[in-house]
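Work through the exercises below on aromatic contacts. Try each task before reading its solution.

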Amino acid sequence: MEEVTNSAIKTPDSSEGLSASRIRETRIEKLSALREQGINPYPYKFEKTHNNEGIQQKYQDLPAGEETQDVISVAGRVMAIRNSGMFIDLMDSTGKLQLFSHKENLDEATLALVKQIDIGDFVGATGTIRRTPRGELSVKTQSLQLLSKSLLPLPEKFHGLTDKETRYRQRYLDLIMNEETRDTLRKRSLIISAIRQFFLNKGFLEVETPMLQTLAGGAAAKPFITHHNALDLEMYLRIAPELYLKRLIVGGISEKVFELNRNFRNEGLSPKHNPEFTMIEAYQAYADYHDMMELTEELVSSVAQQVLGTQTINYQGHEISLNRPWKRLTMIEAVKDETGEDFNQIQTREEAHQSAKKLGLETDPAWGWGKILEFIFEEKVEPKLIQPVHIIDYPKETSPLAKVHRSDSRLVERFETRINGWEVANAFSELSDPLDQRARFEAQLKAREAGDEEAHQLDEDYITALEYGMPPTGGLGLGLDRLVMLLTNSPSIRDVIAFPTMRPK
RNA sequence: GCGUCCAUAGCUCAGCUGGUAGAGCACUCCCCUUUUAAGGGAUAGGUCCUGCGUUCGAAUCGCAGUGGACGCACCA
C-alpha cells in the first residue's frame, strides 16, 4: 500500500511543462526522504481543536507581544513561508493564521520537518497563542505534523490565478487562490438552504420527480437525448419538472409541493446559460398567479435579507431594490408605455404586423398577434427593466400550460418576474381544464410539424391526470443560478456554478 | 452557427517596423531567525497553442485548425 509504482512517478500531468514537472519530481523525492525518517506524508487523522477564524475571534483583544498558555491545534494549507520556515501562513476554510516556529522552541526533528514543508502542503500545528510585536496573531508551534504533501506548485501568491479558463477547468485551484470564488459558491449554498427553509416553513413538501423522461415536457426547449439499454428506449434528460409536479398535485400528496433540482437544455452556452442549471418549481393548490407573485416577492426579498443582510443589492453598477411590493405591469401596458403601440386597440394579426414594422422590427409572417406582442416586448421593453417587475398577462398562443385569463380570452394568467432585465421567475394560474389542455398541446404539435423543434410535446398521461381533476393551482418556476448571480454580483453564470460545462481540452 | 479579441516558463506578464526569448513570484542551492508579496546571492526552468505558408531569417506577417473570453443568434 505504501508502494509507489514507477509509472505513478513518471507520469506527470500532460498539461505540465518541464518546470512544473521538475518541481513535481523534486517533491516526490521529498516523499521518499520523509518516509525514510518514519514520517507518513499522507497520514489518517489530525485532532483539530479550532479553526482559524475561531482563533482570530477568540484572541482578537490579545495585545501585540503578549502570549497565552492556552494550547490549541489548527490545521490547513500552507500558503506562504517566510524566514526559512519561521513564519508560515496557514489557510483553512475559515481564514488565515500565522504559525510561528522558532528554533529555540522546537526539538531537532520538528525543526527538520519545518524545513521540509512546501507551499501547498497541508499541516497541523499544536502550540500556544501569541501576538507578535508587529501585531500578527500566531500559533507558537510546539509540534508540527505534515498532513498531506502537495506535489504541484500553486499559482503566484500575489496575482493569484486570473486566467478564466483555468479557473473554470480547475476550480479547485480557483478556490485555493481566490477568496471571491469561495465566497460566491458558499453564498450559493446559503441561498439554496434559505430557499429550502422558506418553502418548508410555508408548509411546502419537497419532492423529487424524474430527471430521465420518455417525453421532455413542461417547457419549450431542445432536450438531451439518451438511451436506456434494458428497455431499449430513447429517453430525455428533463427540460422541466412541471408536468410531474402537477401530477403530484392531482394525486394530493400535499397541497403545496416544491422541487429544487437540475434541468438540462441542449442549447448554446452564454454568460446567462449553462446546459445544466438549477430550477426551483413550486405548486400550490387553490392559489392563482396573484398568490405566486406574492410568493416570489417574499421568497427573493427574504432570501436576500437572510443571506446578504440587505434587500438593496448592487449588480454590475446597477442598484436594485428588492423591497416589496414590486411593480406589476401587464405586457400590453408595458409595450404601450414604452412604444406607444396599444395592443388593446390592435386587434388583428395584420395590425400587429404593421405595428412591429412601425417600430423597425422584422416579423415572421407566420407569427400571430400574441407572438408579435411578446416579440415587441422583448425587443423594446425588456432591456430597460432593471428594478424588479412582474410582467403579467401573456398572450395565450405562447403559453400552452397557463389558464386563460379570467377577463380576456386572448391572454393567459401568467407572469414573468424581471430583475436586471432577466427572466428570474415564470409563473401561471395553471391550466386545469383537460380539454383545453389537449387543444393547446395540439396547437403545439402543429407548430412542431411546421418546424418548431422546441414546441411542447403532447403528454397523454398528463392529460389523463388532468381528466381525473386538478384543483385550481398556482405554479412558479424560479431560475436559481440567475438569482445567485444577482445576489453575488457575478457577471457570468459560470461564476456561480462550481463546475460549469466546458468543452474537453 | 456568425463576428471581434486572446493564447509566450507552474503562475502573473513584457517582448517595438521580422534578426532566433525576458522579468517578478514559485522551484533548487547558499546566506539570514520577528517576517507580512520578508530580504540578499547563485542556479535551473521554453513545442512562444498546432499545422502550413511568406522570408536569408517568424513569438512577431498570412492562411487553416484547436481552446478560451466577449458580443450576436439560439434560449417561445
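A charge sits over a ring if NZ of Lys or CZ of Arg is within 6 Å of the ring centre and within 35 degrees of the ring normal. This is a predicted model, where local features need pLDDT of at least 70 and side-chain atom pairs count only at pLDDT 80 or more. Residues are numbered from 1 along each chain as its sequence is written, and side-chain values use heavy atoms, with hydrogens and water left out.

**Exercise 1.** Find what lies over the face of Tyr 244.

Solution. Arg 247 does, at 4.5 Å from the ring centre. Now turn to Phe 100: the charged end of Arg 130 sits over its ring, 4.7 Å from the centre.

**Exercise 2.** Classify the pair of Phe 199 and Phe 258.

Solution. Start with the rule: rings of Phe, Tyr and Trp (its six-membered ring) pair if their centres lie within 6.5 Å; planes under 30 degrees apart count as stacked, over 60 as edge-to-face and the rest as tilted. A search of the whole structure gives eight aromatic pairs. For Phe 199 and Phe 258, the centres are 4.9 Å apart and the planes at 20°, so the pair is stacked. Next, place the residues. Phe 199 is in helix α7 and Phe 258 in strand β10, so the pair ties together parts 59 residues apart in sequence.

**Exercise 3.** Classify the pair of Phe 343 and Trp 369.

Solution. The centres lie 5.9 Å apart and the planes at 55°, so the pair is tilted. Phe 343 is in the loop between α10 and α11, and Trp 369 in helix α12, 26 residues apart. Both are buried.

Methods: Chains are lettered from A and ligands numbered from 1 in the order in which they are written. Helices (H or I, at least four residues) and strands (E, at least two) are DSSP runs, numbered from the N terminus. Buried means under 20% relative accessible area, exposed over 50%, partly exposed in between (1.4 Å probe, protein chains only).
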